[in-house]
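Visitor: I have a model on the screen and some words I want to understand. Can we go through them step by step?
Guide: Gladly. Here is the model.

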Amino acid sequence: MVSLSDYLILSAIIFCIGLVGIFVNRTNIITLLMCVELILVAVNTNFIAFSHFLGNEAGQIFVFFILTVAAAEVAIGLAILTLLFRNKGSINVDVTNSLKG
Amino acid sequence: MTFDQILFYVFSFWFIASSLAMIFSRNAAKAVLFLILSFFSAASIWILLEAEFLAITLILVYVGAVMVLFLFVIKMLNIDKSTLRAKFAGYLPLGLIVAAIIIAEMTLVLGGNQFGLDVVAAPARHAADYSNITVLAMQLYTTYVYPFELAAVLLLIAIIAAITLVHRNEASRKKQSISEQVSVQAKDRVRLVSIASPKKEAK
């Protein structure tokens, strides 16, 4: 049988892959968004594993809401990306330095 | 090794492999395709965990809508590939070190001593007539009905925000001008040209 710790370690590994992706792809906003999606899926796997092993459906309800919020986030993120490309002609992170932060 | 474990390791292998391929692929469109593969593997693992509704939702909503949106934006923006990976090598060692430390720590915390089968026993599989959707719907429309409504409002706000953000300004939009259409005269649109009619050929 597959134990709970197997699922938790799997989602920890996926979470770290997403984290490395953010480190590696620092200049590409689209890949940054995709790495955030990967991290969210890892977190959702955690929720579902606990929901299954503890016999409580609340974890699956949480995943439902996380999926909703993530879909909204992607839609607005890609809209901002399109706007950035229209104004700057590039989606490189380095060009988004207008605020001189 | 039981059949459950074989399935789990196969799906985990593809999940991890395609995620790694996603973050290291230089082409954004290929990265989206690898991310689709890893979402499919994640959905398979969720089905192993008896969350059928969420697994199908992940495929329908994420692969069907969100990833297609990513592909659409990538193709629409026509990104220059060469400039995007300039700092690839510089941040890779630091990222690998951080990830290795996090994985080691998480493995220590989440290992078999704390969450193994003898600590958290595997629950019995549900009967064949068990409906995951019914159980979720009972929770969603009773206990969580207010968050459910809020999620719907959030999606509506996201639609409005996305449309407002990418909407073009007045000047560059194609727009109907009623007054010009009403006041148009026949001589503005129709131009009568006199053409010499061809002569009949003698037979």
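Visitor: From the N terminus on, how do the elements of chain A run?
Guide: This is a predicted model. In it, the elements of chain A run α-α-α. Chain A has three helices and zero strands.

Visitor: And what pattern does chain B follow along the sequence?
Guide: Chain B reads α-α-α-α-α-α-α-α-α-α. There are 10 helices in chain B and zero strands.

Visitor: How do you know whether T57(B) is buried or exposed?
Guide: Take its relative accessible area, 14%. Buried means under 20%. The value 14% falls under that cut-off, so T57(B) is called buried. T57(B) sits in helix α3 of chain B.

Visitor: What does T57(B) touch, not counting residues up to four places away in sequence?
Guide: T57(B) touches L67(A) and Y62(B). A contact needs heavy atoms within 4.5 Å.

Visitor: Why is L155(B) called partly exposed?
Guide: Its relative accessibility is 35%. Under 20% would be buried, over 50% exposed, and partly exposed is in between. The value 35% lies in between, so L155(B) counts as partly exposed.

Visitor: Where is L155(B), and what does it touch?
Guide: L155(B) is in helix α8 of chain B, residues 145-166. Leaving out residues up to four places away in sequence, L155(B) touches T68(A) and A72(A).

Visitor: What is L58(B) in contact with, leaving aside its neighbours within four places in sequence?
Guide: In chain A, L58(B) contacts V41(A) and L67(A). In chain B, its partners are F39(B), A42(B), A43(B), W46(B) and V63(B).

Visitor: How does the radius of gyration of chain B compare with that of a compact globule of 203 residues?
Guide: Such a globule would have a radius near 17 Å, but chain B has 30 Å. The C-alpha trace of chain B spans about 105 × 50 × 50 Å along its principal axes.

Visitor: What share of each chain counts as buried?
Guide: In chain A, 57% of the 101 residues count as buried. In chain B, 29% of the 203 residues do.

Visitor: How far apart are the centres of the positive and negative side chains of chain B?
Guide: They lie 25 Å apart, for 17 positive and 12 negative side chains. In chain A, the mean positions of the 4 positive and 5 negative charges are 26 Å apart.

Note on methods: Residues are numbered from 1 along each chain as its sequence is written. Chains are lettered from A and ligands numbered from 1 in the order in which they are written. This is a predicted model: local features need pLDDT of at least 70, side-chain atom pairs count only at pLDDT 80 or more; totals for chains, interfaces and linings use all residues. Side-chain values use heavy atoms; hydrogens and water are left out. Helices (H or I, at least four residues) and strands (E, at least two) are DSSP runs, numbered from the N terminus. The radius of gyration is taken over C-alpha atoms; the globule rule is 2.2 Å times the number of residues to the power 0.38. Buried means under 20% relative accessible area, exposed over 50%, partly exposed in between (1.4 Å probe, protein chains only). Lys and Arg count as positive and Asp and Glu as negative; His and the chain ends are not counted. The place of a charge is taken as NZ of Lys, CZ of Arg, CG of Asp or CD of Glu.
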